[in-house]
Amino acid sequence: MTTTADTRQIVVFALQSNEFGIDIGQVREIDRLVPITRVPRVPAHVEGIINLRGQLVPIVDLRTRLGMPHAAPTKMARIIVAEIGPRSIGMIVDEVREVVRIPTDQIEQSEGVLEGLANEFIGALARIDERLIILLDVEKVLGPEAPTVLTDKESV
Amino acid sequence: MNEEPFDRAELLRYFKDESEELLQQIDADLLKLEPLAASARSDPETVNSLFRALHTIKGSAGMLELGDVATFAHKLENVCDLVRNGRLPISSVLIEILFEGRDLLTALIRAGTDGTPATRSGAGFAERLETVVLRHTRSEDEEAQHVTADPATASAGKARPRTIRVDIARLDVLLDLVGELVITKNRIMQISTMLTRGEAADAAKLVAQLNTAAALLARTSTDLQEAVMHSRMVRIAGVFERFPRVVRDLAKSRGKEIELAIEGAETDLDKTIVDEIGEPLMHLVRNCVDHGIESPKRRRECGKDPVGKIELRAAHEGNSVVVQIRDDGGGVDLDRVRERGLALGLIAADAVQTERDLLELLFVPGFSTARTVSEISGRGVGMDVVHRAIGRLSGTLEIASRPGEGTTFTIRLPLTLAILGALLVRIAGELYAIPIDAVGESLRLDASEIARSQSGESIVHRDRFLPVIRGAEFFELSSRGRESGSVLVVVLRAADREVGLVVDEFVGDQEIVVKPLSELVGPIAGIAGGTILGDGSIALILDPNALVSEVHRGPGSVVISGAMPQR
C-alpha cells in the first residue's frame with residue numbers, strides 16, 4: 001500500500017516559489033514536456049492536448065490555472081498526468097521534487113491562508129520540518145465540475 | 001468465492017441482456033394482442049411467444065437465485081397459460097394489467113441485476129391481477145377497475161447493455177486476420193534482424209521482401225479494420241422496438257389515436273451510435289405524439305382520419321444511415337415560431353426569414369412553441385439537446401414541415417464513428433482534419449474575390465453567394481495576416497447548407513481513426529474530436545455541422561442562448 005491510515009504519499013512539485021503536492025494515488029505518470037497541440041476556444045489555462053500512447057490527454061498550465069504569472073518552461077518542467085475518475089489530464093509544473101510520506105497528523109485543513117492563490121483549489125496544508133506543502137484538490141483544480149475548465153456549454 | 005466456474009457478475013450481465021430482448025418481445029406480443037381484445041379472439045402463436053418469453057425469464061432468474069423475479073414471472077406466466085388454454089379471454093383490462101406486470105418485471109430485473117432498489121412498487125398488483133383473472137375466467141365482464149400504466153417509466157429506461165453479441169463466423173474472420181497479422185509481423189521482424197546484423201548480402205532482395213510484407217500488412221490491417229467495424233454493427237431494431245409501446249402509452253394518456261409504422265428496422269449501424277441514438281429518437285417521437293398529432297376531434301374537423309400516423313424508418317444511403325420520423329399532424333406553426341422568436345429577441349422584426357431559418361429556431365436552447373408544457377416533452381430536454389446529441393454523433397438533424405400535413409425529422413448518421421475519410425488542412429500552423437463527406441469541393445481563388453459586407457465575408461461561387469469564414473479567425477488562432485495573393489477555400493456542406501472555409505494549405509486526404517477529446521476540455525464548438533497521425537502528432541477534427549450552423553445562424557446566437565430563460 002502506498003497510503004495507509006496514518007500516512008499519505010505525496011508527489012511534491014514546485015510552482016513559482018511554492019511547493020505543492022498531490023496524492024500519489026491520483027498520479028498516473030510524470031513526463032517530460034512534449035509538443036502540445038493547441039486546441040481552439042478553450043479557457044486560457046488549457047494549453048492543448050498531447051498524444052499519450054494513443055489517448056488524447058488535455059494539458060493544463062497549472063501556473064495560469066492557479067492565477068500565477070505565466071513563465072516559459074525550463075528544462076526542469078514536467079507534465080504530471082493525473083487521473084480524475086476514468087479520465088486523465090496533464091498539468092505543467094515547474095519542477096517535480098520528490099515523493100514524500102507525510103503523517104496525516106501533520107496535514108491540516110487550510111483556511112484561506114495563502115495570499116494571491118486561488119484558495120478554493122487547496123485541499124490542505126502539510127508541514128515537514130520547515131517546509132510548507134500545499135496539497136491541491138485535483139478534482140477541484142482540473143475536474144469536470146471545475147468552474148472555468150469547461151467552455152460555454154451552450155456554444156455548440 | 002472465486003472457485004465458481006462462472007463469474008456471477010458476468011452471468012447477471014448476460015441475463016440482463018437476454019431479458020432486455022425478451023421484455024421487448026413481451027411488449028411486441030402484447031401490442032399484437034391488444035387489437036384482439038375488442039373481439040375477444042385469440043392468437044395462439046403470439047400467446048405462445050408471450051408465454052415462452054416469460055417462461056425463459058423465470059427459468060434464468062431461478063438459476064441465478066433471483067427469487068423475486070422468478071416468482072413474479074411465474075405469476076404472469078400462469079395468467080398466460082390460462083389464456084393459452086382458452087380459459088381466460090383476452091380483454092383490454094387483461095392487456096393493460098399484463099403491460100403493468102411487464103413493467104414491474106422490468107423493475108424487478110433491474111433491481112436484481114444492478115442491486116438498485118426497485119423504483120416501482122408492485123403494491124396491490126397481485127390482488128388486481130387476481131381480480132382480473134377471477135372475474136374474467138368466470139365472465140367477460142369489462143367493468144373491472146381500470147388500471148393505468150405509467151408511461152414515463154415504461155421500457156424507455158436507460159439500461160444500455162454494455163455487451164454486444166457477435167456472430168461466431170465474424171469472430172472467425174477476425175481470428176484469421178489476426179493470424180495473418182502475426183505472420184506478417186514475424187516476417188518484418190526477421191527482415192529487420194537481418195538488416196541489423198548486416199546480413200544484407202543482397203540488399204535489393206531484402207527491400208523487395210520488405211515491400212511485399214508492407215503491402216501485406218496494409219491489406220490485412222484494412223481487412224481487420226473492416227471486420228472489426230462489421231462486428232460492431234447491430235440492427236437499429238433494438239432501438240425501434242421500444243417505440244410501439246411508448247407511442248401506445250403516450251397516445252392513450254394524451255387521448256389521441258395513433259398508428260405507428262416502422263420500416264427498415266433491420267438497418268445496421270455501429271453499436272455506439274445505436275446506443276446513443278435512442279434518447280434523441282425518443283424525444284422526437286414523443287414530440288410527434290405530443291405536438292405533432294392533433295386530437296381526434298380536431299383531426300375530424302380538418303377532414304383528416306381521426307387516427308394519426310407516425311412513420312419511423314431507417315435506411316442506408318451511401319456511407320450514412322438516414323432515420324426519419326414523420327407524422328401526419330398539424331405541422332409546425334411558423335407564425336407562432338416567428339412570434340416566439342421575436343419575443344425572445346432571436347430575430348429582428350424587419351428581417352426576412354425563410355421557412356428554414358424559422359424552423360432552425362427550434363434548435364435554440366429554451367425555445368418552445370408548446371402552449372402548455374407537457375409532463376413528458378417539457379421536462380428540460382428540448383430540441384436543442386436532441387440537435388446537439390445528434391451532432392455529437394457527427395450526424396445532422398433537419399426539420400421539414402407543412403402546415404396541416406405534418407412534420408418530418410430527418411437524421412443522417414455516419415455508419416461508424418471510429419474511422420472516417422478526411423481531408424487534412426493546415427490552419428494557422430495547426431493540422432485539422434475535415435470529414436470527407438462534408439467536403440463539397442476545394443477552390444483556389446484570388447483574395448480579391450472575397451467580398452466583405454456587414455454580415456461577414458462571402459464569395460460568388462457557381463452563381464450563388466457562399467458565406468466564407470476564415471479558419472484562423474473562427475478558431476481564434478493567431479493568423480499570419482491577410483494574404484493578398486491566392487486563397488484556398490474548402491466548401492463545407494452539412495444539412496444541405498454550404499460554407500467556405502479559408503485554410504492555409506491542403507495537406508492531403510487519408511483515413512483517420514477518431515478519438516474523443518477528453519470531457520475535461522470539451523465540448524468545443526466546431527471541434528468533433530481528434531486523431532493521431534502516422535508520426536504521432538495530433539490533428540483536430542472539424543465539426544462541419546457546427547461551422548455551417550454557426551455561420552448561417554450568426555455568431556450572435558451563442559450570446560443569445562446564454563441569456564435565455566432557463567426552465
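## Strands in chain A, helices in chain B

Reading chain A from the N terminus, the elements follow the order β-β-β-β-β-α-β-β-β-β-β-β-α. That gives 2 helices and 11 strands for this chain. Keep in mind as you look around that this is a predicted model.

**Chain A as a whole**
- Of the 156 residues in chain A, 49% are buried.
- Among the contacts in chain A with a separation of 6 or more, 55% join residues 24 or more positions apart.
- Chain A has an accessible surface of about 7,600 Å², and carbon and sulfur atoms contribute 49% of this area.

**Helix α4 of chain B**
- Helix α4 of chain B covers residues 92-114, which is 23 residues.
- From first C-alpha to last, α4(B) reaches 33 Å, close to the 33 Å expected at 1.5 Å a residue.
- Most of α4(B) is covered, with 18 of its 23 residues buried.

**Where α10 and α14 of chain B meet**
- Helix α10 (residues 271-292) and helix α14 (residues 383-392), both of chain B, have axes that come within 9 Å and cross at roughly 145°.
- The crossing of α10(B) and α14(B) is left-handed.
- On the α10(B) side, the contact is made by I277(B), P280(B), H283(B), L284(B) and N287(B).
- Their partners in α14(B) are M383(B), V386(B), A389(B) and I390(B).
- By type, the residues of this contact between α10(B) and α14(B) are 7 nonpolar and 2 polar, with no charged ones.

Notes. Residues numbered from 1 in each chain as written. Chains lettered and ligands numbered in written order. Predicted model: local features only at pLDDT ≥ 70, side-chain atom pairs only at ≥ 80, totals over all residues. Heavy atoms only, no water. Helix = DSSP H or I, 4+ residues; strand = E, 2+ residues; numbered from the N terminus. Buried < 20%, exposed > 50% of the residue type's maximum accessible area, 1.4 Å probe, protein only. Contact = heavy atoms within 4.5 Å. Areas by Shrake-Rupley, 256 points an atom, 1.4 Å probe, with all protein chains shown as cover. Axes fitted to C-alpha atoms, helices over the stretch in contact; angles between N-to-C directions. Left-handed = near helix turned anticlockwise from the far one by under 90°. Nonpolar A, V, L, I, M, F, W, Y, C, P; charged D, E, K, R; others polar. Expected span 1.5 Å × (residues − 1).
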